[in-house]
Amino acid sequence: MKNLYKIYKKGTTLAFISVFTFGVFSCQTDLLDPVPKTQLIDQYAFDTPDRVSLQVNNLYTAVKNGQFLGGRYQVYNDIRAEDFLNRTTNGVTGLLVWNQTVTETSQNDVISLWNTAYAAINQINVFLQGLEDNDAKFVPPVFASDYKTVTLPAFKAEARLLRALSYHCLLQIYAKPYTLGNPSVNKGLPLRLQAETSLANNDLKRSSVEEVYSQIISDLDFAEQNLPLTYGSSAATLNVTRAHKNTAIALKTRVYLTMGNYASVITEANKIVSETVPFKAATGVPHALQASIASVFASPQETTESILSFPFTAQNAPGTQNQLAFYYRSSSTSSTNPGGGEYSLNPKKGVGILGDTAGWPVTDARRSFAYKVSTEYFWGKYPSGTPYIDKAPVIRYAEVLLNLSEAIARTTADVDAKALALLNAVRQRADASVTLAPADNAELLSAIKLERRIEFLGEGIRSMDILRLNEDFPAKASVGAVPSTALNYIWPIPAPELAANKLMERNE
């Protein structure tokens, strides 16, 4: 299925009508004319930096939609794995995702996530085309003399970073992992890079997994070169909620890790991470592990550990049944800040991480996020109650450190001292009483994998790790294991896309 944004005939690139084509497209001319007086006409939309900046803000809004990176994407990547138990059997809030039975007609997850992500991608492409079409305007005296060399490339860079992030997320759901089989042959995604305002290019075949990853890296390289170092030492909110150079570099460590390109993970991470403990960022935003893990998620969630998170307000919330706290907090009114109680933690020893008191000791501060209501355990990493406006995390500095630790460990044959120091930095921040001391490289890699599972519980990392390592999805409760060879190891392509795009192929 193809997601389009139709621009008003005499309208604006600031406001779009989202159009989802399901094989049949109906154009209502009353939606195209007249122009609402509250909207800018398109020929004026790029006339000032402020107007361009407003459009960039809209790109973030599209990507942080609750159906995508505002909540559901993170939830889906956790509940597919083994650490959460479904409580409500609600098809709207991920039941089919949890029990690994989604189909190409699953509206609330398979179709909705695809629609929302591609809608955001097209909005980004429309914006980039608008910049190109209005290039002649970006010179004095209309703009300040440095606009073309500083601000305009930064706006492009933010857009391309968001496009790269969106495509990488889609790959983790709808395509085989880069490390499974041949990425130059395996089917990836329709790689839509041009603005679509009609059905002329509705048919587009899937690019290979390798081709889509290549575009992602290209976008992130451009972003790194053109984004600002920081938004200022006093701009805590912007340094967390807007992309900067370290955002692009950090995301590249994640992307290269999913590609199994460990040398590039090391190269990218070393641009940020200092050589010695406490491994504070050496340039740009001064990223660092916080002394307390609780402080990272305490309101307003704007410490230097958060590299990119999406913000919300009561007037701009993720939307009903999309919010992270809603999924993971208990619904009991006797608990503090109750949520929807959709998922509880899996306490079964040998399956759920909560039951692993040997690998995750009770002295670990991260266990304080778990709380018991009656006989069940819930996850309180996201502390707010209704309307659940905790920031939705995209990437934290702890991940960069563990990405680097793993990449070093996978390119050496022993227990590398720096890889171990990076691992212990994350563990000891939460539990100073523990010093991990693996006996060999295999134990080191196992410890890093466990640490990632603990540190990012509820942040949407678990399924990505399973996929990139070509591991089976473990069995849980009544749900059997899903091997990497199974058809449902990845999600099916949505039925509306198959109907509307004649060149689209199913996963097989």
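User: Which residue lies over the face of tryptophan 360?
Analyst: That's arginine 367, at 4.3 Å from the ring centre. Keep in mind that this is a predicted model.
User: And what sits over the ring of phenylalanine 222?
Analyst: The charged end of arginine 160, 4.5 Å from the ring's centre.
User: OK, on to ring pairs. How many aromatic pairs does the structure hold?
Analyst: There are 18. One of them joins tyrosine 371 and phenylalanine 378: the centres are 6.1 Å apart and the planes sit at 35°, so that pair is tilted.
User: Is tyrosine 371 buried or exposed?
Analyst: Buried, at 18% relative accessible area, because the cut-off is under 20%. Phenylalanine 378 is buried too, at 1%.
User: What about phenylalanine 473 and tyrosine 489, how are their rings arranged?
Analyst: Edge-to-face, because the planes are at 65°, with the centres 5.5 Å apart. Both residues lie in the loop between helix H15 and helix H16, so the pair ties together parts 16 residues apart in sequence. Phenylalanine 473 is buried at 0%, and tyrosine 489 at 2%.
User: Which residues form the aromatic cluster?
Analyst: Tyr76, Trp114, Tyr118, Tyr167, Tyr174 and Trp491. Tyr76 is also one of the buried residues in H2.
User: Why is H2 largely enclosed by the rest of the structure?
Analyst: Because eight of its eight residues, 72-79, are buried.

Key:
Residues are numbered from 1 along each chain as its sequence is written. This is a predicted model: local features need pLDDT of at least 70, side-chain atom pairs count only at pLDDT 80 or more; totals for chains, interfaces and linings use all residues. Side-chain values use heavy atoms; hydrogens and water are left out. Buried means under 20% relative accessible area, exposed over 50%, partly exposed in between (1.4 Å probe, protein chains only). Helices (H or I, at least four residues) and strands (E, at least two) are DSSP runs, numbered from the N terminus. Rings of Phe, Tyr and Trp (its six-membered ring) pair if their centres lie within 6.5 Å; planes under 30 degrees apart count as stacked, over 60 as edge-to-face and the rest as tilted. A charge sits over a ring if NZ of Lys or CZ of Arg is within 6 Å of the ring centre and within 35 degrees of the ring normal.
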